[in-house]
Amino acid sequence: MGSGARIEAFLEMMAAERGASDNTLASYRRDLEDAALHIARDGRTLQDADADDLRAFLSTLSAQGFAATTQTRKLSALRQFFQFLYAEGLRGDDPTGVLDSPKKGRGLPKTLSEEETGNLLERAETDAREAAPHTPEHVGAVRLHALLEVLYASGLRVSELVSLPVTVALRDERFFAVRGKGGKERIVPLSGKARAAMQTWLAVRKANPSWAESTWLFPANSESGHLPRQVFARELKAVAARAGVDTAKISPHVLRHAFASHLLQNGADLRAVQELLGHSDISTTQIYTHVLEKRLAELVQKHHPLAD
């Protein structure tokens, strides 16, 4: 059985037993196929690679300028692949066990200030209000305003956002359940503004007969049947430019970071934010500890009797 077949078997296991999403599976496939291609240049197959082969692959990534986070992700894919081979009795060892993770600095996520986020949402609301009714521009503007309000109110992943069922809007409740990575369900909030924007979008959606049978809140003529995340990302950059927000720092994921950062800045507990974001491990949420550190420093500066 060649590398391709081993990779396919691994991906089938990840989908069936661990509930990996299509995006996660595609990422694993790319990373493993890249490694297999590199190792094949030395006349070896990925499933037979040893630790030196894998070190050479990671060194090549570093030399090509790939970020430490990218190298770490690829190493993670390799670790899981070889753990699978070992567990299935297809190898007698795991060569990744002696590999060190690439060193990386403490990277801070890009985010938006509360003022920038407010400007973005106000611009989207204005566009929705001022677009001529019953035009494609109006449909797109109302949809984008709803997407942004819901994203900032809930901190959803973009894949979760664009694939929301229409029942979320039909229920019109302050909280709703979403199924995230690994099929894990969590409860996320909706602000009053997000609910209002969603109801406005629901009225526009109902006026389009071709969407009547769709189960998606944001239906589209796409393979999935709902709005592609790439389309949302493109529309987000366009409204950011109109709002005077630097488009180089804007993406759906940045709004998710803004949701988390602004909650922490205003007193939320890190554990609560972990639950809202759907992070299975608190260590993932700890990229936001710089926000907590700044808040605590300001608290001490303001209230400690010996502070200058």
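Predicted model: local features only at pLDDT ≥ 70, side-chain atom pairs only at ≥ 80, totals over all residues.
Residues are numbered from 1 along each chain as its sequence is written, and side-chain values use heavy atoms, with hydrogens and water left out.

The axes of helix 6 and helix 9 (residues 192-206) come within 8 Å and cross at roughly 150 degrees; the two helices are therefore roughly antiparallel to each other. Axes are lines fitted to C-alpha atoms, for helices over the stretch in contact, and angles run from 0 to 180 degrees between N-to-C directions. Helices (H or I, at least four residues) and strands (E, at least two) are DSSP runs, numbered from the N terminus.

Arg157 lies in the loop between helix 6 (136-154) and helix 7 (158-162). UniProt, in an unreviewed entry, lists Arg157 under "active site"; such annotations may be inferred rather than shown by experiment. Arg157 is buried, with a relative accessible area of 11% (buried means under 20%, exposed over 50%, partly exposed in between, with a 1.4 Å probe and protein chains only).

Ile187 belongs to strand 2 (residues 185-189). Its C-alpha atom is separated by 5.6 Å from that of Phe176, eleven residues apart along the chain.

| Residue | Contacts (heavy atoms within 4.5 Å) |
|---|---|
| Arg157 | Gly180, Lys181, Arg186, Arg256, Leu277, Gly278 and His279 |
| Ile187 | Phe175, Phe176, Ala177 and Leu276 |

Terms used. Parallel < 35°, antiparallel > 145°, perpendicular 65-115°, else oblique. Lists of a residue's contacts leave out its neighbours within four places in sequence.
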